[in-house]
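The exercises below are to be worked with the sequence and the model side by side. Try each task before reading its solution.

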Amino acid sequence: MAAIANTSTDTRTSTRIPRSLAWTALVLSVLQVLAPVIPFSGFGARPNEATVDFLITPSGYTFSIWSVIYVLSIVVCVALVAHHQTGVQAGTRIVVDLSIAFAGATTWILFSAAEWTWITSIVLTVMTLVLLDAARLAAGPDDASGHSMIRTLVRVLIGIYAARATAAVFQNWASDIGTAGADPTALGWQLTILILDAIVGIVVTGLVGAPLPFYPLTLIWALTGIVVAGWSVTIEVVIACLVAIVLVIAAYLASRNRTALV
């Protein structure tokens with residue numbers, strides 16, 4: 001019986017987040033929030049000034065989602081410091097992924113202010129990869145001894161953040177391509193990037209949409225922003241976004257149905 005009890009205790013302990021990692025994540029989440037102060041104080045270009053407007057640029061209101069991400073990041077990290085767990089079994093790996101994303105977001109803002117073309121896209125690509133990894137893990141098994149509220153907050157943050165990164169990374173690469181000389185009024189290459197972005201979002205939604213519903217919701221938010229901006233400009237972009245929205249919803253429903261059958 002003692003052996004069984006020890007095994008059970010070890011299992012619970014293995015899901016706890018190291019104190020140092022929790023504090024690191026909190027510090028990086030705060031730096032992520034403070035970084036935009038630099039360009040908005042007049043030092044360097046603002047993010048919207050360091051990019052090129054093109055046919056698939058979303059309406060400005062969609063970028064307000066970053067405020068939600070910033071607030072949720074700090075709230076989640078405070079919970080991590082207080083409780084040392086995420087509510088899911090792969091907690092430590094998730095917090096490592098989030099820490100890399102927070103550091104990347106800070107770096108991206110600074111590189112964007114310096115108008116370092118291409119490097120910002122590389123940073124966003126790394127952020128997207130680690131956030132998609134975090135989404136995969138967050139959609140995994142619950143920690144039976146974990147707090148359900150923390151688990152919910154973690155999944156909401158990762159769902160929103162991963163989806164926003166999915167949209168932002170393709171937008172950023174498109175902007176860099178435009179800055180490098182591609183015609184910002186040419187539809188073909190931009191529509192290709194938009195379709196690639198939608199395909200990634202649809203696939204990820206099909207895989208993790210049920211436990212992370214804020215991933216497809218945030219994708220739809222971003223696609224709707226492109227529809228609003230392009231409604232009177234390019235009907236092809238609008239149609240592509242509307243089709244993508246329908247497919248995201250279908251992928252989410254498929255994910256729900258698959259989860260219900262398990």
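**Exercise 1. Describe the overall contacts and fold.**

Solution. Start with the contacts, where contact means heavy atoms within 4.5 Å. Among contacts between residues at least 6 apart in sequence, 84% join residues at least 24 apart. The model is predicted, and local features need pLDDT of at least 70, side-chain atom pairs count only at pLDDT 80 or more, while totals for chains, interfaces and linings use all residues. Residues are numbered from 1 along each chain as its sequence is written, and side-chain values use heavy atoms, with hydrogens and water left out.

Next, take the secondary structure: the protein has ten helices and zero strands. Helices (H or I, at least four residues) and strands (E, at least two) are DSSP runs, numbered from the N terminus.

The protein exposes about 12,300 Å², of which carbon and sulfur atoms supply 71%; accessible areas come from the Shrake-Rupley method with a 1.4 Å probe, and for residues only the protein chains shown count as cover. Of the 262 residues, 48% count as buried. Buried means under 20% relative accessible area, exposed over 50%, and partly exposed in between (1.4 Å probe, protein chains only).

**Exercise 2. Classify the ring pairs of tryptophan 66 and locate the partners.**

Solution. Rings of Phe, Tyr and Trp (its six-membered ring) pair if their centres lie within 6.5 Å; planes under 30 degrees apart count as stacked, over 60 as edge-to-face and the rest as tilted. The structure holds five aromatic pairs. For tryptophan 66 and tyrosine 70, the ring centres are 6.1 Å apart and the planes stand at 35 degrees, so this pair is tilted. Both residues lie in helix α4 (residues 65-83), four residues apart, about one turn of the helix.

Now take tyrosine 161: its pair with tryptophan 66 is edge-to-face, at 5.9 Å centre to centre and 90 degrees between the planes. Tyrosine 161 belongs to helix α7 (residues 148-179) and tryptophan 66 to helix α4, so the pair ties together parts that are 95 residues apart in sequence. Tryptophan 66 and tyrosine 161 are both buried, and tryptophan 66 and tyrosine 70 are both buried too. Finally, ring pairs link Trp66, Tyr70, Phe102 and Tyr161 into a cluster.

**Exercise 3. Which residues make the nonpolar surface patch of about 490 Å²?**

Solution. The patch is made by Val96, Ile100, Trp118, Ile122, Val126 and Trp173. The elements that give two or more residues to the patch are α5 (91-113) and α6 (119-138). Isoleucine 100 has its place in helix α5; its relative accessible area is 37%, so isoleucine 100 is partly exposed. Patches are made of residues with over 30% relative accessible area and no salt bridge: like charges are joined within 9 Å, nonpolar side chains (Val, Leu, Ile, Met, Phe, Trp, Tyr) within 5 Å. A salt bridge is a side-chain nitrogen of Lys or Arg within 4 Å of a carboxyl oxygen of Asp or Glu.
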